[in-house]
Amino acid sequence: NPVKTVLFGGAVGDIRNFHFANDTYVFNLMTRIWVQINFPDKTQLPKERAAHAAAANDNMQMVIHGGSIGNNSLAADELWLFDMHDNKEEDSKWSLINTVGASPGMRYGHTLAFLKPFFIMFGGNTNSNDIWIIDINAVQVAWTKLDFPNGTGPCPRLYHTVGFCSKGSAQGMMIVFGGRDLTDNPLNDIWGFRRHRDGRWDWVLASISKGEKLKPRYNHSVVFYGTLMIILGGRAKNFLGTMPTEVYDTEKSESFILSGIGLHRQSSFILDKNIYLYGGFSDKNNSKPIDDLFKISLESLFEGTPRYNKVNEYRSLPDATKINQ
């Protein structure tokens, strides 16, 4: 739904006294109201977790997989479906998707993305750069592992981001950026993952022809506006400052830097000409997650930059506007 976003689970509370959640909330950007959905049968819900992967399709459905459940344990290797019937929260439900054959295995810090008709899983803490796809509407729902010669593609990573470019030469391509390798080093490479008309899949390593290299980071978030990938917040090893906001133009292979937002582990999404940010930690307080929703106008963000005339929006990052919820 264009004006609703779904929040499931996560780690709640001060890091010295936190718990994992399995509650489901829907936020309506028009009414600015959070609605917690209550399910009568608590046994038919995903278990509490954090650092899981989630993605939505174009049919009012969201899937989740994996995550951490505490005490050095991982969530089961299961795919759960949240279905919001006819856009009605009161009729929504969770169900376990029964799959056949091999599956990706338990993991956290990975990502899911939707490229019709497939959900695509990549990365996580498995020390592998494996990629899996699944069509939940197939007659037999099964995971398929895609193999590439000589380890082609990104190195193993977790806490990276994925997103889809909607315009230009990278249109329809899943873009992977950053993350952390298995030795805790932050990454800054950009990879495109695409499906050809003949059904082949391949990886493409992106380059930067103009501008500085992107800052290595993890626990960041990304939104796409046309050909532009906007990288927000995050952390880096032995770096205590605020990570800058960076923009990568997938069409021109150019990058430039804006002021940072001072957040990490936050979620972000884009609607019309606004970026919305929720949760995570402030760089000024790493002990307690925030319960704020912020809005940043793209027009003010890009005003005064080289791209302003092209997309009618750019400037150094203004203060985010806190939304009353």
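## A walk along the strands

Start by selecting Phe-294, which stands opposite Lys-322 in strand 27. Keep in mind as you go that this is a predicted model.

Now widen the selection to strand 26, residues 293-297. Two bridges join strand 26 to strand 27, and the two run antiparallel. Next, bring in the rest of the sheet: four strands make up an open sheet in the order 23-24-26-27, with antiparallel pairing. Which strands stand at the edges? Select 267-271 for strand 23 and 321-322 for strand 27: each has a single partner strand, so one side of each is left without a neighbour in the sheet.

For the second stop, jump to strand 19, residues 228-232. Five of its five residues are buried, so strand 19 is largely enclosed by the rest of the structure. Show the side chains here. In a regular strand, side chains alternate between the two faces of the sheet. Leu-228, Ile-230 and Leu-232 point one way from strand 19, while Met-229 and Ile-231 point the other way, and all are buried.

What joins strand 19 on either count of pairing? Pick Ser-221 and you will find Leu-232 of strand 19 opposite. Then move to the hairpin of these strands, with two residues between them, and click on Gly-226, which takes a positive phi near 65°.

Finally, select strand 20, residues 245-249: four bridges join strand 19 to strand 20, again in antiparallel fashion. Finish on Asp-249 in strand 20, the bridge partner of Leu-228.

Methods:
Residues numbered from 1 in each chain as written. Predicted model: local features only at pLDDT ≥ 70, side-chain atom pairs only at ≥ 80, totals over all residues. Heavy atoms only, no water. Pairing = 2+ DSSP bridges. Buried < 20%, exposed > 50% of the residue type's maximum accessible area, 1.4 Å probe, protein only.
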